[in-house]
Amino acid sequence: MDLITDKDIRELAQTSGDTVHVSLFMPTHRYGSEVQGDQLRWKNLVSGVEATLLEEMRRPEVEALLQPARDLQQDSRAWQYMADGLAMFLTPESDVAYRLPAPLPELATVGDHFITGPLMHLLSGDEHYLMLGLSQNEVRLLDGSRHTVQQVELDDVPTSLEEVIEPREPRSDTVSRPASSGRRGRAIFYGHGTGDDGAGEADIKRFFRQVANGMKDVLRGQTAPLVLVGLDANVAAYREVNEYPHVLDESVIRNPDDLSVDELHEQAWPLVEARLRAERQGVIDRFHELNGTGRGVSDLSSVQAAAAEGRVDTIFIRAQPWCWERISGDELAVVRLGSDERYAECEALDKAAVDTLSNGGKVYATSQEVVKDSEVAAVMRY
């Protein structure tokens, strides 16, 4: 699974130009019989894009553009390691794909820019959160939402104490213990080794300092709340060296080695939910205080213009279902941007969200209705 940041979205949004841009989104399943069905649905989605592109492009150009999507379609192993949603972005010069911990609408767009709105709820602070399991045997980072959580690769972060300290010489009065076996998955790296009571205080501090240093790159650009899970001493040691500004004051004081991924989510989500609910409600209350004063706006055209000028501090966009989903219904939606009036409002919402993010504002993609009969509400800076 992949972490996505506001920087990623800004970079995708900035690639607009004369060349063709293809955005593909689809909900996926992590396991079970539905996985094979996902692979077939992806094939059909890509074929729909191909048919649209062939109306204006030569077949060799279309085939070259869509080759990364076709390669993924045929990679049966890759479909065994999906998350809850898949997004891919293609131009003739580049391609990038994300496996994400939240379902996405089944949608493809073709035009002179990418569509990124369906990714916004992963940044919005509405349900997205991170969790860091801290033990000396195994450090685990998880990316989650209200209903799901999945482990994130930590290739350049030490994940066990024995990776940082030299193993001690065995002593006759010690008792050997089996190391935690952990769980293994595709391209995910885990550490094993020294138990939580088998190292000195200086070693433990050095270990968590190196973990925190490695996490800087992993978490750069993230704004999601982070829950620490671990025994008191490990959590305290990590807090001393942590530089990520969105760590919750509350922690789950349990040994994460004893908990499955689902059990970790069950322990952490109530803390996250309370924080997110309070934060979101505070901003909504602020909007209603300002509504009617010129600084609380819910007219889409006014919000879009203000976002382009950098005047939007916070924008709420109604999601679940997204604008794109409500219009496409059960149809296979391949949208040519700028040419289908049914989707004009959806494109405007996407543009307002991207402009808000690019100008340092906050985006909430939420199922909560802020203003009756409006897709959008915004708090202005001035």
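**Figure 1. Cys323 and Cys346, both buried, in the predicted model**. A disulfide joins these two residues, Cys323 and Cys346, with an S to S distance of 2.0 Å. The structure holds 1 disulfide. Its torsion about the S-S bond is about -75°, so the disulfide is left-handed. Cys323 belongs to helix α9 (residues 323-328) and Cys346 to helix α10 (residues 344-358), so the bond ties together parts that are 23 residues apart in sequence.

**Figure 2. Helix α10, a mostly covered element**. Of the 15 residues of α10, 11 are buried, among them Cys346, Leu349, Asp350 and Ala353. From its first C-alpha to its last, α10 reaches 21 Å, close to the 21 Å expected at 1.5 Å a residue. Gly360, which follows α10, has a positive phi near 85°.

**Figure 3. The largest cavity, with a volume of about 70 Å³**. A search of the whole structure finds 2 cavities of 30 Å³ or more. The lining of the largest cavity includes both Cys323 and Cys346, together with residues such as Gly117, Met120, Trp322 and Trp324. Helix α10 gives the most to this lining, with 4 residues. By class, the lining comprises 8 nonpolar, 1 polar and 2 charged residues.

**Figure 4. The second largest cavity, holding about 60 Å³ of space**. Among the residues that line this cavity are Phe316, Ile317, Arg318, Thr366 and Val376. Strands β10 and β13 (376-380) each supply at least two lining residues, and β10 gives the most, with 3 residues. The lining divides into 6 nonpolar, 3 polar and 3 charged residues. Ile317 and Arg318 also line the largest cavity.

Terms used
Residues numbered from 1 in each chain as written. Predicted model: local features only at pLDDT ≥ 70, side-chain atom pairs only at ≥ 80, totals over all residues. Heavy atoms only, no water. Disulfide = S-S within 2.5 Å. Buried < 20%, exposed > 50% of the residue type's maximum accessible area, 1.4 Å probe, protein only. Expected span 1.5 Å × (residues − 1). 1 Å grid on protein atoms, 1.4 Å probe; cavity = no way out; pocket = protein on both sides within 12 Å on 5 of 7 lines; lining within 4 Å. Points joined across faces, edges and corners; volume = space filled by probe spheres on them. Nonpolar A, V, L, I, M, F, W, Y, C, P; charged D, E, K, R; others polar.
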